[in-house]
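This report describes selected local features of the structure shown below, arranged by region.

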Amino acid sequence: MSNFQSSSQADGALLRLLQLASPALPVGAYSYSEGLETLVSQGVIGTAADLEQWLSQELRWGAIRVDAAVMLRSFEAVRTQNWAQVTDWNRWLSAARETEELRSQHWQMGRSLLHLLLETQAAVSLPPTLVQTLELESCNYAIAFGAMAATWEITAPAALLGYLQSWATNLVNAGVKLIPLGQTVGQQLLLSLHSPLLQAQADLLHLADSDLESWSWGLSLASMAHETQYSRLFRS
Amino acid sequence: MSAANGAASASWQGKLHLNYGVTGDQTRLRAPFAQAPLKIQRPFYPEAGGVCHSILLHTAGGMVGGDRLSIDVNLAPESKALLTSAAAAKIYGSIGTEASQNIQIHLGANARLEWLPQETIVFNQAQFRQTLRVTLDPGAQWLGWDIVRLGRSARGEEFQSGNWRSHTEIWQGNRPLWIDRQRLSGSTETVASPHGLAHSALVGSLAWVGMAVTPDFVEAIRTQWHPDPGSSAEIGVTRLQQGLLCRYRGCSTLEVQRWFRAVWQQIRTECWGRDICLPRVWQR
């Protein structure tokens, strides 16, 4: 079997990434559609092609870019033990969130992941004052994800791609339920997102703080409309 | 326009420094400084309650690549000011250099600023960047709107290329209350797609920041929306951590103005106990 080489260190990091980016991570991601429920009910998104276009545009110009870029900043701050920066970026992200509903989503998922981090990684943990501040002020998912990825010694490019891919997987699953689409169509859609996912990864690894910006009108309006939507399956 | 002379050095570097303070019960504008093409009209006091109204003027007609405008506004504690502009702002197309407007605002304790400029028309191929940074002392409130037309839609122009970047940040001490960093890169796709402009050239935001808002109040604001017959505009209202945010995406300046003025009226009557007072420059 000499053709197969493996490094137990890299494989260990890969295993932890697969766990962190998995839809089975118990943070409740499946209960959020980030406005897709409204867009489907309005008839704006009605096909796999519509959904692909929406998600690839999010990756090119949308709020997910800022979110993922801040995840990286949390990763770096935890890696270098710059705890004050973790708090600063968490506040920044809470203030930058498009709507109240999206802010609640990211806080709920962040709280769940932060608890998971504390309960599974007691030895490596974050300083208690930081954890207190994050719990008091509500921790964004991107902040907790970055902290977890740094603690688990996943590389920055891999953590970034994992974050983006798990976001895409969740919204494709939401679309599969809402439109509805077949499971195979959903998998094809995910494959077709590989190119925008890789492009976003490449862009965001070197994004300057002054370029943390996005076009958010489509997402904001959909999410604001979802806040008042009468009948809802999803929490965002 | 001096910038039409061609040389980059002919670009405008406009400046405006405005300081407001309270004398007796009346907010006064103290020794304003203006450098062309920016000017400020003599302030006036059309309403009871001590609010000082001021009107900004851009005397060159519009901005071209290379122009840089810088505006500093300071409100002393307890002062109340309303700022608007004399006419729509225009940002012309550019071959590459960026036009920029940098606005810094500080509101002292319990000060209130109503920042209500007329719309900005961003021509196709424009390169424009605006940064607006507001710092609030305790008790201070910001009520501001921004209405932007992307492409001269009246003549069928779409924002097919160019960049509009608008970074608005409102801080209280070292805490960010609202960060809104928008960027639209013009393209066929962004003009058409529901994620982008959805063929609506006009976007507007109204933010009221500095105090907590109840869900009931947000609901009341939503009921102020009355679209024009046949309008395809979309709107939304949401709560900020300390305030509220209204968004509009549509086509009609009058429609968004009507809604934003109704929201402004609602905030003034319910929370500040007074009616709105339309600046006379709007009444032409």
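## Helix H9 of chain A

Leaving aside neighbours within four places in sequence, A:Gly162 is in contact with A:Leu17, A:Ala21 and A:Phe145, where contact means heavy atoms within 4.5 Å. A:Gly162 belongs to helix H9 (residues 156-178) of chain A; helices (H or I, at least four residues) and strands (E, at least two) are DSSP runs, numbered from the N terminus. With a relative accessibility of 7%, A:Gly162 counts as buried; buried means under 20% relative accessible area, exposed over 50%, and partly exposed in between (1.4 Å probe, protein chains only). The C-alpha atom of A:Gly162 is separated by 15 Å from that of A:Ala10, 152 residues apart along the chain.

## Basis of the model

This is a predicted model, in which local features need pLDDT of at least 70 and side-chain atom pairs count only at pLDDT 80 or more, while totals for chains, interfaces and linings use all residues. Residues are numbered from 1 along each chain as its sequence is written, chains are lettered from A and ligands numbered from 1 in the order in which they are written, and side-chain values use heavy atoms, with hydrogens and water left out.

## A nonpolar patch on chain A

A:Leu14, A:Leu15 and A:Leu18 make a nonpolar surface patch of about 310 Å². Patches are made of residues with over 30% relative accessible area and no salt bridge, with like charges joined within 9 Å and nonpolar side chains (Val, Leu, Ile, Met, Phe, Trp, Tyr) within 5 Å. A salt bridge is a side-chain nitrogen of Lys or Arg within 4 Å of a carboxyl oxygen of Asp or Glu. Accessible areas come from the Shrake-Rupley method with a 1.4 Å probe; for residues, only the protein chains shown count as cover.

Of these leucines, A:Leu18 lies in helix H1 (residues 8-20) of chain A. A:Leu18 is exposed, at a relative accessible area of 52%.

## Backbone exceptions

Most residues other than glycine have a negative phi, and most peptide bonds are trans. A:Gln81, although not a glycine, has a positive phi of about 55°. This residue lies in the loop between helix H4 (63-79) and helix H5 (83-96) of chain A and is exposed, with a relative accessible area of 54%. In chain B, B:His199 is likewise a residue other than glycine with a positive phi, near 60°. The loop between helix H1 (188-192) and strand S15 (202-209) of chain B holds B:His199, which is exposed at 53% relative accessible area.

A cis peptide bond joins A:Ile179 and A:Pro180, with omega about -15°. A:Pro180 is found in the loop between H9 and helix H10 (183-192) of chain A. In chain B, B:Ala36 and B:Pro37 are joined by a cis peptide bond with omega about 10°, and B:Pro37 is in the loop between strand S2 (26-35) and strand S3 (38-40).

S15(B) pairs in the antiparallel sense with strand S12 (residues 141-150) of chain B over 8 bridges; two strands pair if DSSP finds at least two bridges between them. Within this pairing, B:Gly204 is the bridge partner of B:Ile147. Strand S17 (residues 243-250) of chain B also runs antiparallel to S15(B), joined by 8 bridges, and B:Ala207 has B:Leu245 as its bridge partner in S17(B).

## Strand S13 of chain B

Strand S13 (residues 163-172) of chain B is mostly covered, with 9 of its 10 residues buried. It runs parallel to strand S11 (residues 127-136) of chain B, to which 10 bridges join it; B:Phe128 stands opposite B:Trp164 in S13(B). With strand S14 (residues 175-185) of chain B, S13(B) pairs in the antiparallel sense over 10 bridges, and B:Arg165 has B:Arg183 as its bridge partner in S14(B). The hairpin of S13(B) and S14(B) has 2 residues between the strands, and B:Gly173 takes a positive phi near 60° there.
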